[in-house]
Structures are given as structure tokens and as C-alpha cells.
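Me: I have a fold open on my screen and would like to go through it with you. Shall we take it piece by piece?

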Amino acid sequence: MIPHPDGPLARPEPGSPRENTPSDASTLAEDLLLLLFQPDSGTIAGENTLFYILAGAVVADLALGDHVRTSRNTKVEAVEHRPPADDILRAAWDYVSEKPRGVQTILAAIGPTLRGPLLERLIERGDVRRSTRKALGLFEMAVLEDGGTARRDRLIAEIRDVLVDGAEPSPRVAALAALLSGSGTLPQFHREIPWSSPVITRAKELEKGNWGAGAAAEAVARTMTAIIVNNVIIAAAVLPRNS
């Protein structure tokens with residue numbers, strides 16, 4: 001079963017895989033949430049469909065690590081004896097290991113609990129920080145601010161190099177760009193990643209798993225990511241989006 005938001009996903013236990021993970025390590029879902037964070041407004045893009053997007057990143061990460069694969073009927077199944085060390089990924093792997101499941105089922109099951117613990121990781125690492133601000137000069141409200149680590153800037157630059165300059169992506173960058181595009185949030189990055197016809201075309205190719213010759217060894221992950229992104233697109237189409 002997927003842990004409750006107040007359970008293991010929210011705070012790693014002493015000696016857990018997450019606690020023993022190097023502080024500079026990050027999951028695909030953490031990087032995606034950091035990209036979706038908008039420093040100017042302190043908001044997170046695509047908030048209304050966020051749980052689907054983050055869940056897609058978790059499953060894509062499992063695919064990139066050869067922890068899951070697709071079965072003949074395109075359901076996702078766990079690769080036996082290959083659990084991930086990260087506790088969030090492990091919770092998703094445990095759920096899939098019970099039996100092969102459809103992507104939509106997985107996204108709906110694991111997504112709702114992800115935002116909180118992933119945001120806490122970004123705060124713990126210093127990429128994002130919590131602050132307070134007075135509203136109407138009277139009431140204090142909690143806000144999110146850029147933590148000043150420049151990690152988000154580096155991620156944006158990597159995606160811009162791929163989408164704007166045509167650089168061949170690493171599998172992780174390809175998956176991030178594909179998820180941003182498939183979720184419908186990419187246009188919100190127009191100040192950082194110019195929104196143009198070539199960018200749209202390139203992003204759509206990444207959605208389909210066309211990552212370039214250098215990613216040939218990642219065939220399973222490319223196929224899996226394309227399936228995931230397609231399901232994220234379906235989910236995003238039926239749920240209301242933030243403007």
C-alpha cells in the first residue's frame with residue numbers, strides 16, 4: 001500500500017535508505033517539482049494536475065533505474081529483486097510489485113501523497129525556503145522563496161539547451177522535458193525557455209521517446225516514459241489547470 005502523507009513518505013526514519021542517501025542526490029520528481037516552482041511568484045506551476053505530473057516522474061525514475069518495465073499488455077510491472085533505495089521510489093515500487101498495474105491506476109494511487117515530502121526535500125537541501133509575508137499589511141502568510149542554490153537555474157539551462165539549441169539530452173533531462181511538455185506547463189516557462197514552433201516540435205519528439213542516438217541504450221526507459229507522458233496528457237486534459 002502507498003503510505004499515508006503523514007507516514008514514511010513524509011519523514012524518513014533513522015537509518016532509512018533516504019537518510020543514507022547523499023545530500024546532493026535527487027530523484028526525478030524532486031527535480032521536476034523544483035522546475036515547476038516559480039521563484040517570482042512563489043507558486044508551483046500546474047498545481048491542479050501536480051500529483052499526476054509528480055507521479056509520472058516517479059514511475060519514469062523507476063524505469064530509468066530498471067526497477068520497473070512494461071508487460072505485454074502495456075501494464076507496469078516491478079522488476080523482481082530490484083527495489084530502489086530511495087524511500088519514495090521504494091513505496092511506488094512496492095505498490096507495483098503487488099501486481100502489474102495500468103499507468104493511470106499507478107498515477108492516481110501514488111500521486112496525491114507526493115507533493116509534501118518532495119517539497120520538504122527541496123527545503124532540506126536549500127533549493128527552496130519557507131518564509132512569511134504580510135498580506136494587506138496585516139496578516140502574515142507562509143510563502144515559498146528561491147533558496148539561492150542555483151540548482152533550478154542549472155536544470156532550466158539543461159532543458160533550454162535541448163529544446164532551444166538542439167543539444168542531445170541525457171535520459172533524465174529528456175524525461176524532465178517530456179513531462180513538462182506533456183503536462184501542459186511548458187508554456188509557463190516562456191521567459192526562461194522561449195516558446196516557439198521549433199521548441200514545441202522538439203518537446204513533442206521527446207514526449208514520444210525520440211531522445212536521440214545517444215539514448216539508444218535507454219530503449220526501455222524511453223518507451224516507458226512515452227507511455228507515462230501519454231497518460232499524464234490524458235489526465236491533464238480532463239482536470240482543470242491553473243491559468
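This is a predicted model: local features need pLDDT of at least 70, side-chain atom pairs count only at pLDDT 80 or more; totals for chains, interfaces and linings use all residues.

Me: Gladly, so let's start with A150. Which loop is A150 found in?
Reply: Residues are numbered from 1 along each chain as its sequence is written, and side-chain values use heavy atoms, with hydrogens and water left out. Helices (H or I, at least four residues) and strands (E, at least two) are DSSP runs numbered from the N terminus. A150 sits in the loop between strand 6 (139-146) and helix 6 (151-163).

Me: What is the phi of A150?
Reply: At 35% relative accessibility, A150 counts as partly exposed, where buried means under 20% relative accessible area, exposed over 50%, and partly exposed in between (1.4 Å probe, protein chains only). A150 is not a glycine, yet its phi is positive, about 70°.

Me: And D66, what phi does that residue have?
Reply: D66 is in the loop between helix 2 and strand 3 (68-70). Its relative accessibility of 44% makes D66 partly exposed. Although D66 is not a glycine either, its phi is positive, at about 60°.

Me: D66 touches V79, I see. Is V79 buried or exposed?
Reply: V79 lies in the loop between strand 4 (76-78) and helix 3 (87-98). Contact means heavy atoms within 4.5 Å, and not counting residues up to four places away in sequence, V79 touches D66, H67, V68, R69 and W93. V79 and H67 are 12 residues apart in sequence but 5.2 Å apart in space, C-alpha to C-alpha. With a relative accessible area of 14%, V79 is buried.

Me: Which backbone nitrogens lie 3.0 Å and 3.1 Å from a polar atom of the side chain of D86?
Reply: D86 is in the loop between strand 4 and helix 3, and its relative accessible area of 9% makes D86 buried. At 3.0 Å from a polar atom of its side chain is the backbone nitrogen of I88, and at 3.1 Å is that of L89.

Me: Which side chain has a polar contact with D127?
Reply: D127 lies in the loop between helix 5 (115-125) and strand 5 (128-135), and it is buried at 4% relative accessibility. A polar contact is a pair of N or O atoms within 3.5 Å; within protein, one must be able to donate a hydrogen and the other to accept it, and residues adjacent in sequence count only if both atoms are side-chain atoms. At 2.5 Å, the side chain of D127 has such a contact with that of T149.

Me: Within what arc do the buried residues of helix 4 fall?
Reply: The buried residues of helix 4 (residues 103-110) are V103, I106, L107 and I110. They line one face of the helix, because seen down its axis (using directions from the axis to the C-beta atoms) they fall within an arc of 100°.

Me: Last one: what is the mean pLDDT of the protein chain?
Reply: Residues reaching 70 or more make up 84% of the chain, and the mean pLDDT is 85.

Methods:
pLDDT is the predictor's confidence in each residue, from 0 to 100.
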